[in-house]
Amino acid sequence: MFIIAGLGNPDRQYEGTRHNAGFEVIDRIAGKYNIAVNTKKHRALTGSGIIGGEKVILAKPQTYMNLSGESIRSLIDYYKIDEEHELLVIYDDINLAPGQLRIREKGSAGGHNGIKNIIAHLGTQVFPRIRVGVGEKPPGYDLADYVLGHFSKAEKERMEEGYGYAVDAAGLIVSGRIGDAMSEYNRKKREES
């Protein structure tokens, strides 16, 4: 079994913002695999289904970004999964161009408060993740205002492409092919830039 958690903020005012890239990917995975993500459990909206023959739980923590670890810890404990191999976290990254992906098997929080909280609750940095680029904060902008802001029309097109890549990468990771996902999607945008 695999838990795929996308990070974001639950209220309607945050829909479509940079910080909700993780939620956007979960919505697209749910659409592709016909999984209804509408059950409230473990302080998250969840749904279960099958991807590539593997049972998955899709989760959108409803704790607000900075407390994402509370929900994810509860899910891991309930489903008794090994976070090092059966958890995938998808979230926004301001250090990557819009739509660019960076897939890793482990790593630090890199300043991302949602990931900081997950690492604190899990007691480890070793879990697979897909970072989805949302673009660098312009000089003089407040970081919170920037990540809670919306994409331009041009950025939206690049984000849609990135969300699609993230869905495909998640499918590879669930089927035990994280190395393939990394070699395919970590380089894709660099080549095209």
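This is a predicted model: local features need pLDDT of at least 70, side-chain atom pairs count only at pLDDT 80 or more; totals for chains, interfaces and linings use all residues.
View 1. Strands S1 and S4 run parallel to each other and are joined over 4 bridges.

**View 2. The open sheet of 7 strands.** The strand order is S2-S3-S4-S1-S5-S7-S6, and the pairing is mixed. Strand S2 (39-41) and strand S6 (101-104) form the edges; each has a single partner strand, so one side of each lacks a neighbour in the sheet. From one strand to the next, the twist averages 25°.

**View 3. Helix H1 on the sheet.** H1 lies across S1, S3, S4, S5 and S7, and its direction makes an angle of about 145° with S4. The buried residues of H1 are Ala-21, Gly-22, Phe-23, Glu-24, Val-25, Ile-26, Ile-29 and Ala-30. These buried residues pack against strands S1 (2-6), S3 (44-51), S4 (54-61), S5 (87-93) and S7 (129-133), and also against helix H6 (153-174). In an α-helix, residues three or four places apart point the same way because there are 3.6 residues a turn.

**View 4. Length and end of helix H1.** H1 covers residues 21-33, which is 13 residues. At 1.5 Å a residue the helix should span 18 Å, and the end C-alpha atoms are 19 Å apart, in agreement with that expectation. The residue following H1 is Asn-34, which has a positive phi near 55°.

Conventions. Residues are numbered from 1 along each chain as its sequence is written. Side-chain values use heavy atoms; hydrogens and water are left out. Helices (H or I, at least four residues) and strands (E, at least two) are DSSP runs, numbered from the N terminus. The expected span of a helix is 1.5 Å times one less than its number of residues. Buried means under 20% relative accessible area, exposed over 50%, partly exposed in between (1.4 Å probe, protein chains only). Contact means heavy atoms within 4.5 Å. Two strands pair if DSSP finds at least two bridges between them. Axes are lines fitted to C-alpha atoms, for helices over the stretch in contact, and angles run from 0 to 180 degrees between N-to-C directions.
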